[in-house]
Structure formats: C-alpha cells, structure tokens
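Work through the exercises below with the sequence and the 3D structure open beside you. Try each task before you read its solution.

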Amino acid sequence: MTDRGNRKRAQVEAFHYVISCIVKAKIQARGANDFHGITILDAGCGAGNLAVALAGLLSKSEHISVLALDVNEQALLRLKERAQLILSSRLTNLETCCADLADYEYIQSQIPTDHSVIVVSLHACGAASDMAMNLAFRCNAPFVICPCCTAKSLTKRKESKERHNFDPAASFQRSGASRDITYPRSNWLKSKLLKSTLEISTDEQYNMLAKVADVGLGPQTPTQQRSAQHRAKKVVEIDRLLSASENEEYYVDLMILPDHDPLVYGKGDLLLGAKEGSEEAKAIRSLYDAP
C-alpha cells in the first residue's frame, strides 16, 4: 500500500474508533431500550473517503446511519458509485444530502428528529471545518474533525439570499467563511494577538498565521518550513477548540492521527469535542485510558 493509502486507512480507523467509543458510552448511559438511533453526519464528505468506509464498518450496527453531506453534486455522484462498487446491495445505512454546510436549518431538517448526531469531517478545507463545528453546536452533538487548508478560510463569501451563491465546484469558494464565522475564533487568540508588538491589525496577524500554516514562512530549508507550518497550524486548531470551549461550553481535545508525523504530513490534527458533562465528553476523556 502507498504512503497515502496507509494514511487514509489510519484516518478511517481513528474516526471509527472514536465514534465507536462515543456510541458505546451513549448506549451504556441511556440503555438499549431508550436508544432511538444515531446519525453520523459527514460534513464536506467529498467523494466519500470517510463516509463510505464508515457505512461499511458500521453496517452491522443497528440504528446507526451515515448522512454524507456536500455542496458538490458531482462529488456525491462519485460517492454513490463508489459505495455501490464497494458495498454492493448491502448498503442500507448511507444517504447523501446536497447542501451548503452553512445551510444549518436545512441540514438539520434532513436528520430524523429522534436521532442523536455525531458530526465528523475529514479534510473539509478552510472554513468548512468551522461550519462542521457549528453544525455540531446546533445539534448539541459531539464532533470529530480533521481540518486542512487553513488559508482558504480567509476567503469571504458574497452575501446572497440564494442557497448556493457560489460555484460549488470551486474549492476556494465553498471553503470560504460565511458571515457568522470570523477569525480569530477564540478570545484566547484575540488577546494574544492584541499583545503582539507587530504593527499590524489582529486580522492581518491571523491571516499571516493561517497562510504560514499552509505554506510556511518563505525561503527556508524544507525542515524549517515544515516546523513553521506545524507550529502555526497548531495555534489555528487550538483557537478553534478554545472557541468551542469559551462560547459553547464544550469539552475539547486535540490529538494527532496515528502514522501522521506532523513534520512530514501537516493534515493529521484531530479535533474532538462534546458538551461538558455529557456521556460523549466522558467517552472522549476515556480515550487516554485506552490500551
């Protein structure tokens, strides 16, 4: 298997493990008779690298379904083709929904009202990862998110009353920040940037940080560039998590996916969160106790 193939497998296995721990905790806390079902919402699913694999791995789990969500219709068509090829007629727990991630009310209307929700997202670029977190907040749900391409979040969408006011095939447009998303996300990072001695605004400082997280600082050795990217991206992801803690009362954690050396491959940060005091938060805390 190629290095990329090994990374993809490790990504799916990590998501499946965390989801399984959360589901187990929910069932134990509520009892099997009071368990109506769970929808795993894959936000920004693309062609289904995560959604199709999770549907297959969870196909024997009663009352657990996967809703694959993306604004790109062509990507969803490819997902369906892959699912039929891989899972054949056994596929009964995977559905798709074509929608902008910022269309929160419409997305929530597609979820069974008696289902709990777990929001997952693998490499949804830019602000799409923040929209995935917002979906979790609105559903009072835990999230498991692996972001990428932080600089794409700096693109601002044009305001429109239409549901899709951009080209859904253009990654930089669908990954741009909607009006309700601003940066920095947390009071923690805002306060740090305000204390900076740089003679530029906090917005400009954050923009610089997000760009460094993607491409480094400029003329450097490869090792220096990867190190700068790693440090900047860690700050960006901590900013996201602390915003969830400050504003939504979520327990949060930052982990690194297995077989993802951050100085070699910069897209291995795993953001975890759940409402403080919930069974899902306890499950996330218990991950450190796992063998």
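**Exercise 1. The nonpolar cores**

Find how many residues the largest nonpolar core has, and which residues have the most contacts inside it.

Solution. In this predicted model, the largest nonpolar core has 43 residues, and those with the most contacts inside it are Leu41, Leu69, Val119, Leu135, Phe143 and Tyr206. The next step is to ask which element supplies the largest share of this core, and the answer is H5, with seven residues. To see how one member is surrounded, take Leu41, and leave aside its neighbours within four places in sequence: Leu41 is then in contact with Leu67, Leu69, Ile107, Ile111, Val117, Ile118, Val119, Val120 and Leu135. A second, separate core has 40 residues, including Val18, Ile22, Ala55 and Ala281. As background, nonpolar side chains in soluble globular proteins tend to be buried together.

**Exercise 2. A residue of helix H5**

Decide whether Ala136 is buried or exposed, and find which residues it is in contact with beyond its neighbours within four places in sequence.

Solution. Begin with the position: Ala136 belongs to helix H5, which covers residues 128-138. Then consider accessibility: Ala136 counts as buried because its relative accessible area is 0%, and the cut-off for buried is under 20%. Once the neighbours within four places in sequence are left aside, the contacts of Ala136 are Val119, Ala141, Pro142, Phe143 and Tyr250. Finally, compare sequence with space: Ala136 and Tyr104 are 32 residues apart along the chain, while their C-alpha atoms are separated by 9.9 Å.

**Exercise 3. The cavity**

Find how many cavities of 30 Å³ or more the structure holds, and describe which residues line the largest cavity.

Solution. The structure holds one cavity of 30 Å³ or more, and the volume of the largest cavity is about 40 Å³. Its lining is made by Asp130, Met133, Phe137, Arg185, Arg240, Ser243 and Ala244. The elements that give two or more residues to this lining are H5 and helix H9 (222-248). When the lining residues are sorted by class, three are nonpolar, one is polar and three are charged.

**Exercise 4. Cysteines**

Find how many disulfides a search of the whole structure gives, and then examine Cys98 and Cys125 as examples.

Solution. The search finds zero disulfides. For Cys98, which is in no disulfide, the nearest cysteine sulfur is that of Cys97, at 7.3 Å. For Cys125, also in no disulfide, the nearest cysteine sulfur is that of Cys148, at 3.6 Å; this pair does not count because a disulfide needs sulfur atoms within 2.5 Å.

**Exercise 5. Backbone details in the loops**

Find where Pro184, Asn140 and Cys149 lie, and what is stated by the backbone angles at each of these places.

Solution. Pro184 is placed in the loop between helix H6 (171-174) and helix H7 (187-194), and the peptide bond that leads from Tyr183 to Pro184 is cis, with omega near -5°. Asn140 is in the loop between H5 and strand S5 (143-148), and its phi is near 55°, a positive value in a residue other than glycine. Cys149 lies in the loop between S5 and H6, and although it is not a glycine, it has a positive phi of about 50°. Cys149 is also buried, because its relative accessibility is 18%.

**Exercise 6. The whole protein**

State how many helices and strands the protein has, and what percentage of its residues are buried.

Solution. The secondary structure comes to ten helices and seven strands. Of the 291 residues in the protein, 49% are buried.

Definitions and conventions
Residues numbered from 1 in each chain as written. Predicted model: local features only at pLDDT ≥ 70, side-chain atom pairs only at ≥ 80, totals over all residues. Heavy atoms only, no water. Helix = DSSP H or I, 4+ residues; strand = E, 2+ residues; numbered from the N terminus. Buried < 20%, exposed > 50% of the residue type's maximum accessible area, 1.4 Å probe, protein only. Contact = heavy atoms within 4.5 Å. 1 Å grid on protein atoms, 1.4 Å probe; cavity = no way out; pocket = protein on both sides within 12 Å on 5 of 7 lines; lining within 4 Å. Points joined across faces, edges and corners; volume = space filled by probe spheres on them. Nonpolar A, V, L, I, M, F, W, Y, C, P; charged D, E, K, R; others polar. Core = buried A, V, L, I, M, F, W, Y, C linked by side-chain atoms within 4.5 Å.
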